[in-house]
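I am keeping these notes while I look through a structure, one entry at a time. I start with a single side chain and then turn to strands, sheets and the surface.

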Amino acid sequence: MINSGVYAVVSSASIQVQSPDAEWNKTFGGSGNDYGYSVQQASDGGYIVAGETSSFGAGNFDVYLLKTDPDGKMQWNKTFGGSNYDYGYSVQQTNDGGYIVAGGTSSFGAGNSDVYLLKTDPDGKAQWNKTFGGSNYDYGYSVQQTNDGGYIITGSVNNTLSPYSGDAYLIKTNSDGTIQWNRTFGDPGNHDSGYSVQQTNDGGYIIAGYIPGEDKDVYLIKTDSAGKLQWSKTIGGEREDYGYSVKQTSDGGYIVAGEIYPISALGQAAGQQVYLLKVNASGKTQWNKSFGVNFDDAGRSVLQASDGGYIVAGNTNEDVYLVKVTLNGSLQWNKTFRSINNSFSVGTSAHQTDDGGFIVAGYISSGPFGGGNYNVYLIKLQREGSCSDNVKNGNEESIDCGGSCQIGCLNDISISNLTFNSGGNLTIVFKAANNGASDVNGLKAKFIDKFSGQLIKEKTETFGFRIYANSSRELSTSWDVERGHEITVILDPDNNLNEVGRIDNIASKLFFGLTKYYLRSDVPPDVADIEIAKFLKGNIPGAEFVTASDDADVEILVARHNPLIVWHFSALEENGWGFQGGGLRFQDKFCNKPYCAVVGSKNVNGKQKVAIEANDIEGFIAGAKEFAANKEKFISREAAMFLGEEYVPAIGVFDFLHNSFNKAFYKQNSTAFASLVKRALEDDMQDEDQVNATVNGVNLRLLHLKPAYSENFTAFRDEAGLPVVLGHGLWSNLDSWKDFGVELASEEGKDTWLIEITGGPDTDCAGKETDDCPNYNFSTLTDEYVPALLNKVISSTNKSKLQYVGFSNGCRSVLSSLEKGEFDANKVETFVGVGCPGAFNGSSIFSELVDNHGSNTLANLNNKSVRHVTLEKVRDTIIQDCGFDISCQLGRILTGEGNFISFNLLSNYFAFIQNKEDGQPGKNLELDNFAILFGSGLEGSDGIVTKIDAIQIYDQVNANKTLLKVFATHKGIEDKDSSKDLIIKLLNKQEFGFLERNLNLVNSSKIIGG
């Protein structure tokens, strides 16, 4: 087990942040000695560790590379080297998913020891290796992949036979490990060394190490991109000082960790301590700190954490030692880790993980005070302030956290969507959400079965899944339950989790039994019949389909003059609808067109019977779609719907099946016709084609969704006859609004275009954080991307005008482009803005978060050299900066998919929020028709965009204009059915209905509706 201790190092400093507990710790190795020197989180959430081993390999010591899963379980390990001494001192995952390792080798190369560079694939299989150096003693200590895909390595090189002299060594290679240049720094007569290297924001390099003088000093070297010296600094006290790790900081300076031998207050030499040094961009010291207990203490690794502070990993006395300080070097917490037998352990490398916690690598002995053999030591820490019910050590023994949890890190479990399904037996399905800040392992649920208030039975089940913080999971259990019983599900029934409130941990529902359906379909040809039956079954979720009509509660009959089905013929006299005389009659209406249909239901001897009757295949398709859209009505009571001669959706199906291309496959018993039937059932009656526009070497994508109808029907369906362009928000991609685009093309007959303003300028590198993608600004969007995209639509359609609908950034960037005249406003016939961000006047959850934490968030992201960032990354960085203030957790409303925007654009939007003098976009803009839809889901905002912005943008645009509200938050307002209905009516110049005028309409410059 792990005991963690906290040393009071600086008496004036107080620990202000809850120190993180360990989630788990693991050891790896064999009967020899095994050391871990470098760790990084891999892209799959697991961890890669590099070091050396004498337990495995070719002999003596070999490079040791091991990969674990996110829980620290070994996935694979590899050794590299020969019969002599070889080691791996630094590892990094590369852009191709593989790994690069730097260290040293005495088995290969030109002499006693050479720098060793090794490249593997994602599974640890060697792809190539290189050695660098001369015939004497050369060492490699640090490697990083550079922006051009090559590698930078630092270590030491010497030209003497003594292993104790040499220079700091800097090597630059290409992506294949071929050397491009190398540089040396220092006095050849001394033993100068570079222990750590990082590429800096200006493309150059920073190196930390030590240089001998009267005593050793920290040695800092700054070069340009070609390795040419720009400046160097030696920094230290009266005795020996070493620099082992360096990172560029968010302010452009550098943080260095190492060790120092201070002089005590009595002028005597004190023991070794952890040394932390902060310098500015020119290498000038800003502050330095020392920590430890004057034993054998050292800082081996340093990084800037997501909150802007710094964390150092090393050792104190005989234990792994972690120190966390603020941005200014004030101590926040320190912590030690040792095993129960007081074995000797060292932390050599630390890395912040995606969940805000930390992973620490090092080594630990099997006996006290360094006796016994050594093993690689891996410790996973939670996020600062977070907690869990237990942690596990290498033997999987649970250790109580000791009640150290704070309010902000409590679990928050809730249950929703309790339903009953058939999976052979009855299945109870529910959604368990964890809205807390720490993960939940092994969630327990209690199930209670009652009838008329009396307990029938109960059971408890533990689900062996991890439900991560701010995530949810669908869970289910099979249980034999009778109709009329009430089922209750209680999550965490023993109250083992630490929760603020538990009112949302319980859900109850009456079980009326699963409705049993019998479906019979007889629509020629067979392939069409199969697709219609499949569509109907897929649109009755949770249903149990039976093979005998007598066993069913509901009978659905889809037939074309089937003599076996007789009840619907008599329905004409009883209900006024049915098949008669070569066509369908509905009350006083008659239609013999192939697309006409009747969908009706009636109760016969206690059983609900539904009929879908039509003149031909087109009508059956249209009838099946109407049943799916209104199934509750037909299943629960007697009802009927007539799809007559003027029913446009049915006419659309007929036109689609008979267009110039599709009519060749009409009614063939072929896969081609089956595909057409399926598309018509799923409202996918459009053809799509990706189009590209290029501006300044950047590839911009457009998706053209063209109605797959005849020209006559398209003209009849869409009187405006103008292309409709949809632009989505930040962190979107080309498909983000595709469902609405398909609806506009398939159901409204509109020539629809989706444009990708962000998320994919130059799609070859979309989905990466640091890459060669353009780091575009908001002005790049307004001045270059938007005009290029909209002009491409104009030129491709040969139209003089277009209609535009923009959500979020898709509204603001285009509105600003029109205001600046970058795209001609006269070419926009109608502009509809949805959730349109402006100057962020007023208050919203998001604007308050950015006001309070935006600057630190940008600094933390910039420190990680992030050029493209996801919404999840922004959200997590904001939340980590604001700690565990409950109000700050509202930032979890910022959810989204894994799309990326540029760091510069994110900075622009943060500036819009923080600049209180910023004006609204669209000032004095002249348009034909203009509308704004804003979300009213929260008081005064939609969570991101404020109501004040919507009103002020609306007020300053000159046009026939409409201001509408929709009860929704920002995420989802554009996909809400009421929003889509309003947008379609705005594009079609249709009147609003009574409810729309009273519920949605806020203001208008013209009369809307009667």
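Entry 1. With which side chain does the side chain of Asn 334 make a polar contact? I looked this up in the model, which is a predicted one, and found that the partner is the side chain of Tyr 321, at 3.2 Å. I then placed Asn 334 in strand β26, which covers residues 331–339. Asn 334 counts as buried because its relative accessibility is 0%, and the cut-off for buried is under 20%.

Entry 2. I turned next to an open sheet of 4 strands, whose order is β11-β12-β13-β14 and whose pairing is antiparallel. The edge strands, each of which pairs on one side only, are β11 (139–145) and β14 (179–185). I also noted the angle between neighbouring strands of this sheet, which is 20 degrees on average when direction is ignored. Looking at one pair in detail, I found that β13 (residues 167–173) is joined to β14 by 6 bridges, with the two strands running antiparallel. Within this pairing, Ile 171 stands opposite Asn 182 of β14. As a reminder to myself, strands of a sheet pair through backbone hydrogen bonds, and they do so either parallel or antiparallel.

Entry 3. I found another open sheet of 4 strands, in the order β15-β16-β17-β18, and its pairing is antiparallel. Here β15 (193–199) and β18 (229–235) are the edge strands, and each pairs on one side only. Neighbouring strands in this sheet are turned by 15 degrees against each other on average, again with direction ignored. Between β16 (residues 205–211) and β17 (residues 217–223) I noted 7 bridges in the antiparallel sense, and Tyr 205 stands opposite Thr 223 in β17.

Entry 4. Which residue in the turn between β34 and β35 has a positive phi? The two strands form a hairpin with 2 residues between them, and Ser 452 in that turn has a positive phi of about 55 degrees. Strand β34 spans residues 440–451 and strand β35 spans residues 454–467, and they pair in the antiparallel sense over 11 bridges. I checked Ile 448 and found that its bridge partner in β35 is Glu 458.

Entry 5. I located Leu 995 in helix α16, which covers residues 994–999. Is Leu 995 buried or exposed? Leu 995 counts as exposed because its relative accessibility is 57%, and the cut-off for exposed is over 50%.

Key. Residues are numbered from 1 along each chain as its sequence is written. This is a predicted model: local features need pLDDT of at least 70, side-chain atom pairs count only at pLDDT 80 or more; totals for chains, interfaces and linings use all residues. Side-chain values use heavy atoms; hydrogens and water are left out. Two strands pair if DSSP finds at least two bridges between them. Axes are lines fitted to C-alpha atoms, for helices over the stretch in contact, and angles run from 0 to 180 degrees between N-to-C directions. Buried means under 20% relative accessible area, exposed over 50%, partly exposed in between (1.4 Å probe, protein chains only). A polar contact is a pair of N or O atoms within 3.5 Å; within protein, one must be able to donate a hydrogen and the other to accept it, and residues adjacent in sequence count only if both atoms are side-chain atoms.
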